[in-house]
Amino acid sequence: MSSEPLLKVAGVETYYGNIRALAGVDVEVHKGEIVSLIGANGAGKSTLMMTICGSPQARAGKVVFDGEDITQLPTHLIARRRIAQSPEGRRIFPRMTVMENLQMGAGLDDLKYFKEDVEKIFTMFPRLKERQSQRGGTLSGGEQQMLSIGRALMSRPKLLLLDEPSLGLAPLIVKGIFEQIKRLNKEEGLTVFLVEQNAFAALKLSDRAYVMVNGKVTMSGTGKQLLADPSVRAAYLEGGHH
Ligand SMILES: Nc1ncnc2c1ncn2[C@@H]1O[C@H](COP(=O)(O)OP(=O)(O)O)[C@@H](O)[C@H]1O
Ligand SMILES: [Mg+2]
């Protein structure tokens, strides 16, 4: 692990009006890691993802990416630093085809890589290749998730943010998607910061993880440590499929 993290979130507070959703969050992600953030519904996980992307912006604290303070940068400039997000609820363009959705994800300066990158995503998710002319809104939930991740990857991100990629999907589909994330991490060194309510799958996949409760990080450790921790097991793992 290098000493300077790729992403450093320090003391971040984010508000919706007067309501404080993040109450001083510290998180670090190093290059080449898969790090996950687990926590109950409403804990502030999506707010942290969105704060990293600059909308809403942090009212206190700092977000540093690749050595640069990006806390006050507008979202489109943060995207240009090669942080790509697959947001909660997938949010693909429903009236555009699969191919058009992938085009939307490609950075304008990188059109020379377009064919190569699309092929890579089609190899990773063959279902998308079969459905390349189909409108996004008519895809199944799993296929939409693949498209959302594929679209994020089209920008050749240095950091991929995934917000609840397993939400509403069958366990077998989740397994396939998580295997692809692991493969990208292993083979291409992709750095991933993952938010999940599906704690078991997330912890198994991750090098390290953080637990968030009410806008604060309450625990951190390796995926293995948290999987074995009795309080984590009681709060997030009992009753899940494993
Ligand atoms: N747009 C918003 N306006 C006001 N409050 C919000 C908004 N989005 C989220 N919140 C509140 O912020 C808190 C954290 O929400 P969120 O980050 O979505 O949690 P999680 O992703 O962990 O489920 C919750 O109390 C939620 O109700
Ligand atoms: Mg959320």
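Predicted model: local features only at pLDDT ≥ 70, side-chain atom pairs only at ≥ 80, totals over all residues.
Figure 1. A polar backbone atom of S46 lies 2.8 Å from an oxygen atom of ligand 1. A polar backbone atom of A43 is 3.2 Å from an oxygen atom of the ligand. N41 contributes through its side chain, where an N or O atom is 3.3 Å from an oxygen atom of ligand 1. On its own, ligand 1 has 560 Å² of accessible area, and the protein covers 57% of it.

**Figure 2. The shell of residues around ligand 1.** The shell includes the run A40, N41, G42, A43, G44, K45, S46 and T47. Y16 and A21 are also part of the shell. By residue class, the shell holds four nonpolar, five polar and one charged residue. Helix α1, residues 45-52, supplies three residues, the largest share of the shell.

**Figure 3. Packing of helix α3 against helix α6.** Two packed helices are described by the angle between their axes and the distance between the axes. Here the axes of α3 (residues 98-105) and α6 (residues 141-153) come within 7 Å, and they cross at roughly 35°. The crossing of α3 past α6 is right-handed. On the α3 side the contact is made by V98, N101, L102 and G105; on the α6 side, L147, G150 and R151 take part. The residues of this contact comprise three nonpolar, three polar and one charged.

**Figure 4. A cis peptide bond between S55 and P56.** Most residues other than glycine have a negative phi, and most peptide bonds are trans. The bond from S55 to P56 is cis, and its omega is near 0°. P56 sits in the loop that runs between α1 and β4, the latter spanning residues 60-65.

Methods:
Residues numbered from 1 in each chain as written. Chains lettered and ligands numbered in written order. Heavy atoms only, no water. Near = heavy atom within 4 Å. Polar contact = N/O pair within 3.5 Å; in protein donor to acceptor, adjacent residues only side chain to side chain. Areas by Shrake-Rupley, 256 points an atom, 1.4 Å probe, with all protein chains shown as cover. Helix = DSSP H or I, 4+ residues; strand = E, 2+ residues; numbered from the N terminus. Nonpolar A, V, L, I, M, F, W, Y, C, P; charged D, E, K, R; others polar. Axes fitted to C-alpha atoms, helices over the stretch in contact; angles between N-to-C directions. Left-handed = near helix turned anticlockwise from the far one by under 90°. Contact = heavy atoms within 4.5 Å.
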